[in-house]
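Hello,

Here is the structure I promised to pass on. Have a look at it first, and then read my notes below.

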Amino acid sequence: MPPKLSKTAKQGLILSHLRSTRTCHTLKDLEKVLPSVASINGMQVKDFIQELTDEGKIRVEKIGSGNWYWCFGGDEKKEREKQLTQLRKDVERVKANCKRAEVDLAVRKKKRDKEVAALGKGGEAEWAALLERKKGLELERNRLLAELKAAETVGEGKGIGQMREEIDEYRQQAQMWTDNIYILEQYVKKITGGDREILQAVQRECYGDEYVEGEGLRELLI
């Protein structure tokens, strides 16, 4: 039993066949020929052709009502030359960046040497101490930023701003219901003929711990 071909090997067989024909093909033609050429199922031909087209290894052109596919040897050579040209440009760009980095490093080193020299005797040690202090300050800054972030995000991941908005909304709702309670008190007072004892009894029953003797509903602190 012959070994199974990899996907790459099958693609290579398809490309070799198209180059050898030196002509254009419709998808229908390829679906008839390629299964035996590349050992693939007829249903897979369209997928293979699409992948090779997307990768630029096969050319396609719509002529009339259908697509025509081809792959000439010269096309592959041009594509490789194009890739080589781009690669050379990338190499030159990297070289230029490296050169700029080397110049920048030399300038920084020269500046550092001058600063160390300006510190006088023991300048190297003082410079190291300054760097260590800078490192410590950066760590402290990061710690404070972390604390600030934690303080701004509390309780179910809600920020302080969001919690303030919710508190304002709850305060408005509490005030609204308090006003409704006072309206109901007036209604109870009216239907009881202004009997203070009955009104206070109703208040004690309804307000519970929020009832203040002789005053009624505890004042809402907002």
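In what order do the 3 strands of the open sheet lie? The order is β1-β3-β2, and the pairing is antiparallel; strands here are DSSP E runs of at least two residues, helices are H or I runs of at least four, both numbered from the N terminus, and two strands pair if DSSP finds at least two bridges between them. Because β1 (25-26) and β2 (59-63) each have a single partner strand, they stand at the edges, with one side left without a neighbour in the sheet. Between β2 and β3 (residues 66-70) there are 5 bridges, and E61 sits opposite W68 in β3.

Please keep in mind that this is a predicted model, where local features need pLDDT of at least 70 and side-chain atom pairs pLDDT 80 or more, while totals for chains, interfaces and linings use all residues. Residues are numbered from 1 along each chain as its sequence is written, and side-chain values use heavy atoms, leaving out hydrogens and water.

Now the helices. α2 (residues 27-38) packs against α3 (residues 45-54) at about 110 degrees, with the axes 9 Å apart, so the two are roughly perpendicular (65 to 115 degrees). L27, L30, E31, L34 and P35 in α2 meet V45, K46 and I49 in α3, where contact means heavy atoms within 4.5 Å.

T53 counts as buried at 18% relative accessibility (under 20%, with a 1.4 Å probe and protein chains only). Beyond its neighbours within four places in sequence, T53 touches I58, V60 and Y69.

Best wishes

Conventions: Axes fitted to C-alpha atoms, helices over the stretch in contact; angles between N-to-C directions. Parallel < 35°, antiparallel > 145°, perpendicular 65-115°, else oblique. Buried < 20%, exposed > 50% of the residue type's maximum accessible area, 1.4 Å probe, protein only.
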